[in-house]
Amino acid sequence: QREHSLIESLIETAPVLILVLDAKGRVVRFNYCAEQTTGYRFDEIRGKSWLDTFVAESNRGEIGALLQQSMSGATMRGVVYTILTKAGVQREILWHDQLLSNVGAETMGLLVIGQDVTDTRELELRLHQAEKMEAIGRLAGGVAHDFNNQLACIMGWVEILGNEACSDPTVRECADRILQASRRAGDLTSQLLAY
(Lines give C-alpha, C1' and ligand atoms only; values in the text may rest on other atoms or scores of the structure.)
Protein backbone atom coordinates (compact mmCIF):
# COMPACT_ATOMS: atom_id res chain seq x y z
CA GLN A 1 0.00 0.00 0.00
CA ARG A 2 2.80 2.41 0.89
CA GLU A 3 4.64 1.62 -2.36
CA HIS A 4 1.47 2.25 -4.31
CA SER A 5 1.02 5.64 -2.58
CA LEU A 6 4.64 6.54 -3.32
CA ILE A 7 4.24 5.65 -7.02
CA GLU A 8 1.00 7.68 -7.19
CA SER A 9 2.75 10.64 -5.58
CA LEU A 10 5.68 10.42 -8.02
CA ILE A 11 3.35 10.29 -11.02
CA GLU A 12 1.27 13.24 -9.85
CA THR A 13 4.21 15.46 -8.90
CA ALA A 14 6.46 14.64 -11.87
CA PRO A 15 7.25 17.75 -13.96
CA VAL A 16 6.44 15.86 -17.18
CA LEU A 17 3.24 14.71 -18.83
CA ILE A 18 2.49 11.12 -17.85
CA LEU A 19 -0.41 9.31 -19.41
CA VAL A 20 -1.53 5.79 -20.04
CA LEU A 21 -3.43 4.81 -23.17
CA ASP A 22 -5.30 1.55 -23.50
CA ALA A 23 -4.82 -0.75 -26.51
CA LYS A 24 -7.36 1.32 -28.48
CA GLY A 25 -5.57 4.60 -27.78
CA ARG A 26 -8.02 5.86 -25.16
CA VAL A 27 -6.83 7.82 -22.11
CA VAL A 28 -6.90 5.78 -18.90
CA ARG A 29 -4.41 7.82 -16.83
CA PHE A 30 -3.45 11.48 -16.92
CA ASN A 31 -1.22 13.22 -14.37
CA TYR A 32 -1.32 16.76 -12.97
CA CYS A 33 1.37 18.10 -15.34
CA ALA A 34 -0.66 16.77 -18.29
CA GLU A 35 -3.71 18.57 -16.92
CA GLN A 36 -1.76 21.82 -16.54
CA THR A 37 -0.24 21.58 -20.02
CA THR A 38 -3.42 20.65 -21.88
CA GLY A 39 -6.03 22.51 -19.85
CA TYR A 40 -8.12 19.32 -19.51
CA ARG A 41 -8.97 17.68 -16.21
CA PHE A 42 -8.54 13.92 -16.19
CA ASP A 43 -12.25 13.32 -15.56
CA GLU A 44 -13.04 15.29 -18.76
CA ILE A 45 -10.98 13.08 -21.04
CA ARG A 46 -10.98 9.69 -19.29
CA GLY A 47 -11.86 7.03 -21.89
CA LYS A 48 -11.61 9.45 -24.82
CA SER A 49 -9.42 8.86 -27.87
CA TRP A 50 -6.01 10.51 -27.54
CA LEU A 51 -5.87 11.22 -31.27
CA ASP A 52 -9.36 12.69 -31.55
CA THR A 53 -8.95 14.86 -28.47
CA PHE A 54 -5.37 16.13 -28.70
CA VAL A 55 -4.13 15.80 -32.26
CA ALA A 56 -5.15 18.14 -35.10
CA GLU A 57 -7.15 16.34 -37.78
CA SER A 58 -4.46 17.05 -40.39
CA ASN A 59 -1.86 15.18 -38.27
CA ARG A 60 -3.95 12.24 -37.08
CA GLY A 61 -2.84 9.88 -39.84
CA GLU A 62 0.85 10.40 -39.13
CA ILE A 63 0.54 10.37 -35.31
CA GLY A 64 -1.90 7.46 -35.44
CA ALA A 65 0.67 5.44 -37.41
CA LEU A 66 3.32 6.25 -34.76
CA LEU A 67 1.02 5.11 -31.95
CA GLN A 68 0.15 1.95 -33.86
CA GLN A 69 3.86 1.18 -34.25
CA SER A 70 4.33 1.72 -30.52
CA MET A 71 1.40 -0.59 -29.75
CA SER A 72 3.16 -3.19 -31.92
CA GLY A 73 6.32 -2.92 -29.84
CA ALA A 74 8.35 -0.26 -31.69
CA THR A 75 9.19 2.09 -28.83
CA MET A 76 8.90 5.83 -29.51
CA ARG A 77 11.88 7.77 -28.14
CA GLY A 78 12.47 11.48 -28.56
CA VAL A 79 9.68 12.07 -31.08
CA VAL A 80 8.32 15.62 -31.13
CA TYR A 81 4.79 16.31 -32.28
CA THR A 82 2.24 18.99 -31.65
CA ILE A 83 -0.85 18.58 -29.51
CA LEU A 84 -3.82 20.91 -29.11
CA THR A 85 -4.80 22.17 -25.69
CA LYS A 86 -8.39 22.63 -24.57
CA ALA A 87 -8.06 26.30 -25.59
CA GLY A 88 -6.91 25.26 -29.09
CA VAL A 89 -3.30 26.33 -28.48
CA GLN A 90 -0.58 24.21 -30.06
CA ARG A 91 2.11 22.81 -27.79
CA GLU A 92 5.15 20.88 -28.98
CA ILE A 93 5.84 17.83 -26.85
CA LEU A 94 8.88 15.54 -26.82
CA TRP A 95 7.49 12.01 -26.37
CA HIS A 96 8.82 8.71 -25.05
CA ASP A 97 6.68 5.63 -24.58
CA GLN A 98 6.76 2.11 -23.22
CA LEU A 99 4.51 -0.74 -24.26
CA LEU A 100 2.42 -2.19 -21.44
CA SER A 101 1.61 -5.88 -21.69
CA ASN A 102 0.24 -8.53 -19.37
CA VAL A 103 1.86 -11.80 -18.30
CA GLY A 104 0.74 -13.45 -21.54
CA ALA A 105 2.48 -10.72 -23.57
CA GLU A 106 -0.89 -9.33 -24.66
CA THR A 107 -0.74 -5.58 -25.36
CA MET A 108 -2.55 -3.63 -22.64
CA GLY A 109 -1.63 -0.16 -23.88
CA LEU A 110 1.12 2.43 -23.63
CA LEU A 111 2.80 4.38 -20.88
CA VAL A 112 3.59 7.73 -22.49
CA ILE A 113 5.84 10.42 -21.03
CA GLY A 114 6.07 13.86 -22.60
CA GLN A 115 8.03 17.03 -22.02
CA ASP A 116 6.65 20.36 -23.23
CA VAL A 117 9.43 21.85 -25.39
CA THR A 118 7.37 24.63 -27.00
CA ASP A 119 9.18 27.50 -25.28
CA THR A 120 12.61 25.92 -25.77
CA ARG A 121 12.00 25.44 -29.50
CA GLU A 122 10.72 29.00 -29.85
CA LEU A 123 13.88 30.29 -28.15
CA GLU A 124 16.03 28.14 -30.46
CA LEU A 125 14.15 29.54 -33.46
CA ARG A 126 14.64 33.13 -32.25
CA LEU A 127 18.34 32.48 -31.63
CA HIS A 128 18.67 31.02 -35.13
CA GLN A 129 16.89 34.07 -36.60
CA ALA A 130 19.13 36.42 -34.60
CA GLU A 131 22.24 34.60 -35.84
CA LYS A 132 20.98 34.89 -39.43
CA MET A 133 20.28 38.61 -38.97
CA GLU A 134 23.75 39.11 -37.50
CA ALA A 135 25.32 37.34 -40.49
CA ILE A 136 23.28 39.47 -42.90
CA GLY A 137 24.33 42.57 -40.97
CA ARG A 138 28.01 41.64 -41.22
CA LEU A 139 27.64 40.96 -44.94
CA ALA A 140 25.80 44.25 -45.50
CA GLY A 141 28.43 46.10 -43.48
CA GLY A 142 31.25 44.60 -45.54
CA VAL A 143 29.53 45.42 -48.84
CA ALA A 144 28.74 48.95 -47.67
CA HIS A 145 32.34 49.49 -46.56
CA ASP A 146 33.73 48.33 -49.93
CA PHE A 147 31.14 50.37 -51.80
CA ASN A 148 32.05 53.43 -49.73
CA ASN A 149 35.71 53.02 -50.69
CA GLN A 150 34.76 52.87 -54.39
CA LEU A 151 32.56 55.95 -54.01
CA ALA A 152 35.39 57.89 -52.40
CA CYS A 153 37.57 57.03 -55.39
CA ILE A 154 34.87 58.10 -57.88
CA MET A 155 34.24 61.36 -56.03
CA GLY A 156 37.96 62.14 -55.95
CA TRP A 157 38.33 61.65 -59.71
CA VAL A 158 35.13 63.64 -60.45
CA GLU A 159 36.41 66.58 -58.40
CA ILE A 160 39.70 66.49 -60.32
CA LEU A 161 37.77 66.29 -63.61
CA GLY A 162 35.55 69.24 -62.60
CA ASN A 163 38.54 71.35 -61.61
CA GLU A 164 40.45 70.53 -64.82
CA ALA A 165 37.44 71.23 -67.04
CA CYS A 166 36.28 74.44 -65.35
CA SER A 167 36.39 76.27 -68.71
CA ASP A 168 33.86 73.84 -70.27
CA PRO A 169 30.46 74.41 -68.59
CA THR A 170 28.95 71.15 -69.96
CA VAL A 171 31.73 69.00 -68.51
CA ARG A 172 31.60 70.98 -65.26
CA GLU A 173 27.82 70.43 -64.97
CA CYS A 174 28.18 66.68 -65.66
CA ALA A 175 30.92 66.44 -63.05
CA ASP A 176 28.71 68.25 -60.50
CA ARG A 177 25.82 65.85 -61.17
CA ILE A 178 28.08 62.83 -60.79
CA LEU A 179 29.38 64.30 -57.52
CA GLN A 180 25.83 64.90 -56.20
CA ALA A 181 24.75 61.35 -57.12
CA SER A 182 27.88 59.98 -55.44
CA ARG A 183 27.09 61.92 -52.26
CA ARG A 184 23.51 60.55 -52.21
CA ALA A 185 24.90 57.05 -52.70
CA GLY A 186 27.32 57.77 -49.83
CA ASP A 187 24.35 58.69 -47.60
CA LEU A 188 22.66 55.39 -48.47
CA THR A 189 25.87 53.56 -47.67
CA SER A 190 26.02 55.28 -44.26
CA GLN A 191 22.46 54.11 -43.55
CA LEU A 192 23.40 50.60 -44.55
CA LEU A 193 26.45 50.69 -42.28
CA ALA A 194 24.26 51.96 -39.42
CA TYR A 195 21.92 49.00 -40.03
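Visitor: In the hairpin of strand 1 and strand 2, which residue takes a positive phi?

Guide: In this predicted model, strand 1 and strand 2 (residues 27-30) pair in the antiparallel sense over 3 bridges. Their hairpin leaves 4 residues between the strands. The residue with a positive phi, near 80 degrees, is Gly25.

Visitor: What is the bridge partner of Leu19 in strand 2?

Guide: Strand 1 and strand 2 are joined by 3 bridges in the antiparallel sense. Across this pairing, the partner of Leu19 is Phe30.

Visitor: Which residue in strand 5 stands opposite Leu17, and which stands opposite Trp95?

Guide: Strand 5 (residues 107-116) pairs with strand 1 (residues 17-22) in the antiparallel sense over 6 bridges. Strand 5 also pairs with strand 4 (residues 90-101), again antiparallel, over 9 bridges. Opposite Leu17 is Gly114, and opposite Trp95 is likewise Gly114.

Visitor: What is the phi of Ala105, in the turn between strand 4 and strand 5?

Guide: Strand 4 and strand 5 form a hairpin with 5 residues between them. Ala105 lies in that turn, and its phi is positive, at about 65 degrees.

Visitor: Which residues have the most contacts inside the largest nonpolar core?

Guide: The largest nonpolar core has 24 residues. Phe30, the partner of Leu19, and Trp95, which stands opposite Gly114, both belong to the group asked for.

Note on methods:
Residues numbered from 1 in each chain as written. Predicted model: local features only at pLDDT ≥ 70, side-chain atom pairs only at ≥ 80, totals over all residues. Heavy atoms only, no water. Pairing = 2+ DSSP bridges. Helix = DSSP H or I, 4+ residues; strand = E, 2+ residues; numbered from the N terminus. Core = buried A, V, L, I, M, F, W, Y, C linked by side-chain atoms within 4.5 Å. Buried < 20%, exposed > 50% of the residue type's maximum accessible area, 1.4 Å probe, protein only.
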